[in-house]
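Here's a quick briefing on a ligand site and the chain contact around it. Have a look at the model first, then read on.

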Amino acid sequence: MTTQATEGGPVIRFNEVCKRFGEKVVLDGFSMELARGKTLSIMGPSGVGKSVTLKHAIGLLTADSGSVEVFGREISEVSTPELAEMRKRMGYVFQEGALINWLSVGENVALPLRENTDLEEDELRARVEERLRLVHIPDAWDLMPSEISGGMKKRVGIARALITDPELILYDEPNAGLDPEIARSINALIRELQEGLGVSSLVVEHRIDCIKTVSDEVLFLDGGKALVQAKPEEFFHSNHPRLARFFGKESA
Amino acid sequence: MAEATEIRAEEPAATSPPRDPAILTFLRSEGERIELLLRTLRRLGHTPSRSKLIYEQMFLSGIQTLHVVLLVGLFIGMIVSLQTGIELAKLGQQDQIGTIVAISMAREMGPFITGTILTATVGSAIAAELGTMSVSNELDALEVMSVDRLSLLVLPRLVGLALIAPLLTLVCDTVGIIGGAFVAQAQLNVGYEMYMTSAIDALRPTGFLFNLPKDLYAGLIKAVVFGGMIATVACNEGLKTTGGALGVGRSTRAAVRDSIIGIIVLNYFMTWFMYQA
Ligand SMILES: Nc1ncnc2c1ncn2[C@@H]1O[C@H](COP(=O)(O)OP(=O)(O)OP(=O)(O)O)[C@@H](O)[C@H]1O
Ligand SMILES: [Mg+2]
């Protein structure tokens, strides 16, 4: 592994990334950096390419041009086995949960451990149960994905992303569909992971309260570019006209 | 709001790439299937650790299709018996009915009927299951968790179907021959004893491969190949599904259509290879 060379550099770096689907240009010279141990939130209108950005960072999509570096490696150039190794250090929370529909909640969370480690059954169960407790669904092991609500699916998705103790977690709207109480505790969890374990996070989020709690920096994505990237205090007081329009603060 | 309508307007354009000539499309999709098969066969070593999933696949597909195989097999045997019986009776040769029913069930009808039933019930279900996983991002989820989907999803279905197909074929052969016996007895005045003697005589042991009669093992080999082919085609169609529920429908249709074509074409070549070469 050649990741040590850049251990101090940013965990994720997008440089002039362009991506189009057919005629539709989604990313158009998008650049950003996520520093190690920090949390960066991405905001932007619906359909602007936030999920697409996250998918580039984990290699589910590849850029048409520009570079995407993760752990200091250009992700389009790593071999399949190396990419698999890199992904074991990452967690991904899908927007719609993306739970495996024929596995129970517990087995969904246990899947990465079952497939990629030789943990004993007891140890494995204990770890899964701990993660389920973290997201406030301690008794959900035997439920099937079709039996649980959208917000619960989301939380199972978070538990599954956390199960391998990743260094880098990509959250696609972790709070969508959660009630305020649970949302606050998920936010606290994201914060704790960062402060306690030095996890780096990229969070796509719409909720301002959440962004304020979890982020070190906020990025506004529109028109395929990063329009504003700033600390939360500055971001929410920015007088960038596009931001003002987005937050409905247009006074003039 | 403006964005939302824009997305909807763009989506169909993005999912339907420009059309290639049909022959290229055909070669490409056959190539993909063969590649999927080879890559999955390279994981055959994972079979022991996937035994639970394989057993589940076998059990499910066996249960789903057994009653259909019993019913259709019985009637196919009756049809073959009646059709050939009427002609043979004209020549005074009706004592040969057993031979003809036994051989045509074992060589052709058993594996063909079983393959067709498996396609309609299990192949379509596999394409729909994997297709649904694909359009709901579950395959992406497996990928980001570094879970090998060929080993988790394709291998159990491939091995399961390749194992259950010959078992169901045996069942189909047996009920077919029994169905033929009913008709022979009731409509053609050929007694059970004569029918069975000629049927058993027709499937003479050859001393080869567990001492099975050649016609029987030829049919069973066909069944294994059909089972593997059905699973490969269905998994391939399922895994590459895009475009929501419509896409799942498209994949299922393609899987069933291509498996049926595959069964007929492969059947011809295997018969040629096993009986003429
Ligand atoms: N696989 C794909 N094929 C074609 N178009 C795609 C694909 N993935 C995304 N798109 C398009 O890219 C654009 C951005 O999608 P994306 O899912 O990233 O939006 P988003 O910012 O996450 O929106 P939301 O806030 O609603 O989740 C959309 O117009 C979408 O139609
Ligand atoms: Mg999104």
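This is a predicted model: local features need pLDDT of at least 70, side-chain atom pairs count only at pLDDT 80 or more; totals for chains, interfaces and linings use all residues.

A polar contact here is a pair of N or O atoms within 3.5 Å; within protein, one must be able to donate a hydrogen and the other to accept it, and residues adjacent in sequence count only if both atoms are side-chain atoms. Residues are numbered from 1 along each chain as its sequence is written, chains are lettered from A and ligands numbered from 1 in the order in which they are written, and side-chain values use heavy atoms, with hydrogens and water left out.

**Around ligand 1**

- Ligand 1 lies between chains A and B, and 16 residues surround it (a heavy atom within 4 Å).
- Among the closest are Lys24(A), Ser46(A) and Lys50(A).
- Ser46(A) places a polar side-chain atom 2.6 Å from an oxygen atom of ligand 1, and for Glu173(A) the corresponding distance is 3.4 Å.
- Taken alone, ligand 1 exposes 630 Å², and the protein buries 74% of that (accessible areas by the Shrake-Rupley method with a 1.4 Å probe; for residues, only the protein chains shown count as cover).

**What the shell is made of**

- Strand E2 (24-34) and helix H1 (50-57) of chain A, plus helix H1 (2-15) of chain B, each supply at least two shell residues (DSSP runs numbered from the N terminus: helices are H or I, at least four residues; strands are E, at least two).
- H1(A) gives the largest share of the shell, three residues.
- By class, the shell has seven nonpolar, six polar and three charged residues (Ala, Val, Leu, Ile, Met, Phe, Trp, Tyr, Cys and Pro are nonpolar; Asp, Glu, Lys and Arg are charged; the others, Gly among them, are polar).

**Where the chains meet**

- The contact (heavy atoms within 4.5 Å) takes 25 residues from chain A and 21 residues from chain B.
- Lys24(A), Trp102(A) and Glu115(A) supply 27% of the area that chain A buries against chain B, more than any other three residues (buried area is the accessible area, 1.4 Å probe, that two parts lose on being put together, summed over both).
- The interface has two salt bridges (a side-chain nitrogen of Lys or Arg within 4 Å of a carboxyl oxygen of Asp or Glu).
- Glu143(B) forms a salt bridge with Arg87(A), with the closest N and O atoms 3.3 Å apart.
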